[in-house]
Amino acid sequence: MQRLATIAPAEVRQIWALLEQIPDPEVPVLSITDLGMVRSVSPQGEGWVIGFTPTYSGCPATEHLLGEIRAVMTRHGFTPVHIVLQLDPPWTTDWMNAGARERLRQYGISPPQAHACHAGLPPAVSCPRCGSTHTTLISEFGSTACKALYRCDSCREPFDYFKCI
Ligand SMILES: [Zn+2]
């Protein structure tokens, strides 16, 4: 992922590192930077501006996350902090990094299938436990609106699929 962090002042790198530790409340193995929600960190005057794109607009997590960002920034003396919500372009599961997809699988959630999504095809959802692609959609809505519920026809276990958008 190309970040300005490599050419930016030490504080910017420090802030990215702090933000990397904020978990997504719905998928605690992923942080907001894993998901690509943090778009930018830049100094402005005496303070900081953070560009933030929420994931699924219907997810109630956004307000919580904005509070977490403000809290961690304040705790480490990076104030004032101004968070700019960037809704265009909208968030897409493509912004999720490779490490995040693997952690998602280990957590028991099948990661989003971007190729199928862009081609308008139903995704070939694989079972996060046994890897089988013989899976059946049970419900468009899993444990949260962001996920669909599947069942593996090989190992018979139900699992969540992280829907791509
Ligand atoms: Zn399975």
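## Sheet, backbone exceptions and ring contacts

Pro80 is placed in the loop between H2 and E3. In this predicted model, a cis peptide bond with omega of about -10 degrees joins Thr79 to Pro80. A cis bond also runs from Asp88 to Pro89, where omega is near 5 degrees. Pro89 belongs to the loop between E3 and helix H3 (98-106).

One further backbone exception concerns phi. Arg156 is not a glycine, yet its phi is positive, at about 75 degrees. This residue sits in the loop between strand E6 (147-152) and strand E7 (158-162). With a relative accessible area of 57%, Arg156 is exposed. As background, most residues other than glycine have a negative phi, and most peptide bonds are trans.

The sheet comes next. Three strands make up an open sheet with mixed pairing, in the order E1-E2-E3. Strand E1 (38-44) and strand E3 (81-85) are at the edges and have a single partner strand each, so one side of each lacks a neighbour in the sheet. From one strand to the next, the twist averages 20 degrees. Six bridges connect E1 with strand E2 (residues 47-52) in the antiparallel sense, and Ser40 stands opposite Gly51 in E2.

Two helices pack on this sheet. Helix H1 (residues 10-19) touches E1 and E2, and its direction makes about 140 degrees with that of E1. Helix H2 (residues 61-75) touches E2 and E3, with its direction at about 155 degrees to that of E2.

A search of the whole structure gives three aromatic pairs; two of them are tabulated.

| Pair | Centre to centre | Angle between planes | Class |
|---|---|---|---|
| Trp48 and Phe78 | 5.8 Å | 90 degrees | edge-to-face |
| Tyr150 and Tyr161 | 5.7 Å | 75 degrees | edge-to-face |

Trp48 in strand E2 and Phe78 in the loop between H2 and E3 are 30 residues apart, and their pair links distant parts of the chain. Both Trp48 and Phe78 are buried. Tyr150 lies in strand E6 and Tyr161 in strand E7, so their pair ties together parts eleven residues apart in sequence. Since buried means under 20% relative accessible area, Tyr150 counts as buried at 8%, and Tyr161 likewise counts as buried at 3%. Tyr150, Phe159 and Tyr161 form one aromatic cluster.

Charged side chains also meet rings. Arg39 lies over the face of Trp95, 3.5 Å from the ring centre. Lys163 has its charged end over the ring of Phe141, at 4.2 Å from the centre of that ring.

Terms used: Residues numbered from 1 in each chain as written. Predicted model: local features only at pLDDT ≥ 70, side-chain atom pairs only at ≥ 80, totals over all residues. Heavy atoms only, no water. Pairing = 2+ DSSP bridges. Helix = DSSP H or I, 4+ residues; strand = E, 2+ residues; numbered from the N terminus. Axes fitted to C-alpha atoms, helices over the stretch in contact; angles between N-to-C directions. Contact = heavy atoms within 4.5 Å. Buried < 20%, exposed > 50% of the residue type's maximum accessible area, 1.4 Å probe, protein only. Phe/Tyr/Trp six-rings, centres within 6.5 Å; stacked < 30°, edge-to-face > 60°. Lys NZ or Arg CZ within 6 Å of the ring centre and 35° of its normal.
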